[in-house]
Amino acid sequence: MSADLLSYSVAGTLAVPHFLGEHDHPWLRVLLEEHERFIGRPQRELEARLRDPLPCESPPRKLRLAIQVLGRLRPSERKSAVPPRRARAHVFGEAARTSAPSQAILSTVAASLGVSLEDLQDSLFADLPGERLVAAPAQPLSAVELALRCNLAVVQGMLFRATIVRIEVEGNTRVLVRHAKWRGLICAVGERSGSASATVELSGPFALFRNTRLYGRALGELVPLLAWCPRFRLRAECVFHGRRLTLQLETGDPIFPSTAPRRYDSLLEEHFAREFRRLAPAWDVIREPEPIAATGTLIFPDFAVQHRSDPTRRWLLEIVGFWTPDYVARKLALYRSVHVSSLILCIDEGRNCAEADLPSGARVIRYRRRVDAAAVLRVIETTPCSS
Amino acid sequence: MRLQFDRGTIVLTDPPKDLDLAEAPGVLWDPRVQAYRAPASKYPALKRWLLRSRAGFQDIPEPVSPTQELWSEVDLRPYQEAALSAWELGQRRGVVALPTGSGKTRLALAAMHRTRLSALCLVPTRVLLDQWLREIGALYRGPVGCYGDGVRQWAPLTIATFESAYRHMDQLGDRFELVIVDEVHHFGGGLRDETLEMTIADARLGLTATPTRDPGVTARLAELVGATVFELAIADLAGGFLASFDSITLNLDLTPEERRAYTSLAALFTSAHAEFRQLAPDGSWADFTHHAARTPEGRRALSAWRQMRRLLAFTHAKRRALESLLVRHRHSRVLIFTADNETAYAIAREHLVMPLTCDISRPERDDVLERFRHGDLRTLVSARVLNEGLDVPDADVAVVVGGALGEREHVQRVGRLLRPSDGKRVTVYELVTRNSIEVGQARRRRQGLVVRRSAQL
């Protein structure tokens, strides 16, 4: 997104985004109605209309932003009597061959293709962006949603200029960290502060050397995921026109969320959770318990199981599935390094993990295809919890 | 100690206690991973420093070389030989500036062949990606890698678009010893410069027809690729290695209605621009637009500027002039250049001339160029697509209806026509509206064609 669409003010060293809110809904509704009016007409006509002001008051920069966001969501369709590429090949080829006037050439080609002159002229560029027809969106878009999507676009546009992002986060950390690592970012775990269950610092390898926009897109993609964290606070160091400014976001900021993250990574985990709940009504199964800090990184146990009437009876449970040997080795090494008490490791028999690789003190349950919930229950019912 | 390539950087782990890596070129302590790190482009200097310091280290794996036997001989013209020698003398680093049509791609192929190095060639567009793949395929019988246009395939010789290289250099940066950058003037200004900082390649060759004159960009480019080691302009080669050309300017008038509209728009724009000039005598155009966007008067001025440009893009007189030129040259191969796509489509509809724009799909563009080569199409109209690098043989007339990007664009456009053939003489028409901003624009853009600069070593 171009910088002139980013609406924010500067307060000291802070860049404060101007979010679209309830006060913007009236003109957003007018904008959506204008769009509706142009359904079935060429995009260029809508674009020409939107270059003029709306019939109501609307902040110019926010309006341009909303038009752009709407433009990305707006579907378009093509209608032509002759496929445009075919029409062009015939018309321009014929024009190169003869010296007849344009109208005569078009008439000849129209006759040869079996369409009317008007249909041929309409088909000639019907596939170009401006000539495509405005279509109705698959799902109706409300002013509220458009405002939230605009806010997301502003924040992502600002984060596109970010070099480093720090997030204090409670819950859903695993999704954030996984996404960041998948996008090639370095996740450094900082000291916990206040009630945050984790503080992660995200930046790209090259950011060590200079301000770079290389990772802006990856950093921006984290924002819709944050909406699913019960609590978060984000601080991003950004560079606007050569000036370093900090962007802050926190729980409750009006940003469009991503689709809900998947609750379970695999059917294996989902089946285990369901089976365990059925067999052990006295125990709670907690998906994604708080992460464990381990030498500059975080370990995310798959589950915690906790006795309903005695919370001191709490076990962490990790399902070591069929991942690459390197991944399993790294994971086990991390668990060894943090000496977690009351840990159950469910290990796929196919992994052939040696006893020496396993963290001392961990209870190990080998499984094939399915984790035996009854076996897990037996361990936690018969073994005293050491935490 | 171990050196590892990590996403465009070199990470140094387990250094000996007596080695102060803070002294090593480009190396910084990275507290995020508790290790030393350097940009990949510093790898050659870092390696030399480590060898000088007699520090033992496990190096990163060497890039895989292409098979030399699969190369055919690459013959060069005398000035291409001279350019290649200048680059060799510059320690295999530097920029070679040669006019369009003088065989820059061939020079690049010779550099790959003679150095025997694994090479990554960066090109600005997908159209050029295809063109390079074709040209390299004609001389190298082994597999050629490709990054761009949805393809991600590596080989010791690989072609990548700028965009794709920027996105994937974190994985490609340790796989090549030589980087060749076509249209290298796109770098040095900050945008995507990281591409060249994230590769370990020591040998670097930049190619351009329009070297940058900005001192800041030139200095940065010298750091990223090397200084300009050889330069020739169109005037140095025209009539010999390039076709001769005549440049004809047609000065055209506006109709009374057009003039009235132009004058009132110009007044709106000029007063706001003059006001800005008083405030910031050295301010750039970008500063002006930034400043103007803040006030209603400023926005009106910017709007007036856009309307002036639209008005001048295809005036009544330009329409008539173009019509008569197309009749006069109806047996020639003609390229029409416009300032924007809108004008290109207007001309396409009016004169039934095939437009070649960014909106036309790649397969159709390829098909159109093929038909143009065979003479099934005799005229093409384009705003930007034909500007840079695209090899369009045998066009002998150019009509410049409008331009937006000045000298560089003009040199590239004229260059499209100058690939030599027997007895070829090219005619370039420029349609310029009298007493308008186009007069100054036309004067400035022509300078790029006549400036003659000597070869430097």
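Me: Leaving aside its neighbours within four places in sequence, with which residues is Val399(B) in contact?

Reply: Two residues are in contact if their C-beta atoms, placed from the backbone, lie within 7 Å. By that criterion, Val399(B) touches Leu322(B), Leu325(B), Val334(B), Ile336(B), Tyr429(B) and Leu431(B), its neighbours within four places in sequence being left aside. Please note that this is a predicted model, in which local features need pLDDT of at least 70 and side-chain atom pairs count only at pLDDT 80 or more, whereas totals for chains, interfaces and linings use all residues. Residues are numbered from 1 along each chain as its sequence is written, and chains are lettered from A and ligands numbered from 1 in the order in which they are written.

Me: Which residues have the most contacts inside the largest nonpolar core?

Reply: In soluble globular proteins, nonpolar side chains tend to be buried together. A nonpolar core is a set of buried Ala, Val, Leu, Ile, Met, Phe, Trp, Tyr and Cys residues joined through C-beta atoms within 7 Å; buried denotes 20 or more other C-beta atoms within 10 Å of a residue's own, exposed 12 or fewer, and partly exposed the range in between, with C-beta atoms placed from the backbone. The largest core here has 194 residues, and Ala66(A), Val96(B), Ala398(B) and Val399(B) have the most contacts inside it. Helix 7 of chain A gives the most to this core, 10 residues. A second, separate core of 23 residues includes Phe303(A), Leu317(A), Leu343(A) and Leu345(A).

Me: At what angle do helix 3 and helix 7 of chain A pack?

Reply: Two packed helices are described by the angle between their axes and the distance between the axes. Axes are lines fitted to C-alpha atoms, for helices over the stretch in contact, and angles run from 0 to 180 degrees between N-to-C directions. Helices (H or I, at least four residues) and strands (E, at least two) are DSSP runs, numbered from the N terminus. Helix 3 (residues 60-73) and helix 7 (residues 143-159) of chain A pack at about 100°, their axes 10 Å apart. Helix 3 of chain A is therefore roughly perpendicular to helix 7 of chain A; angles under 35 degrees count as roughly parallel, over 145 as roughly antiparallel, 65 to 115 as roughly perpendicular and the rest as oblique. Leu65(A), Ala66(A), Val69(A) and Leu70(A) of helix 3 meet Leu146(A), Arg149(A), Cys150(A), Ala153(A) and Val154(A) of helix 7.

Me: How does the pair formed by helix 10 and helix 11 of chain B pack?

Reply: Helix 10 (residues 285-292) and helix 11 (residues 296-313) of chain B pack at about 130°, with axes 8 Å apart, and are therefore oblique to each other. Thr289(B), His291(B) and Ala292(B) of helix 10 meet Gly298(B), Arg299(B), Ala301(B) and Leu302(B) of helix 11.

Me: How many residues does each chain give to the contact between chain A and chain B?

Reply: Chain B gives 25 residues and chain A gives 25. On the side of chain B, strand 3 (28-30) and strand 4 (35-39) are the elements that give two or more residues.

Me: Is Ile437(B) buried, exposed or partly exposed?

Reply: Ile437(B) is partly exposed because 15 other C-beta atoms lie within 10 Å. This residue is found in helix 16 (residues 437-450) of chain B. The C-alpha atoms of Ile437(B) and Met308(B) are separated by 9.0 Å, although the two residues are 129 residues apart along the chain.
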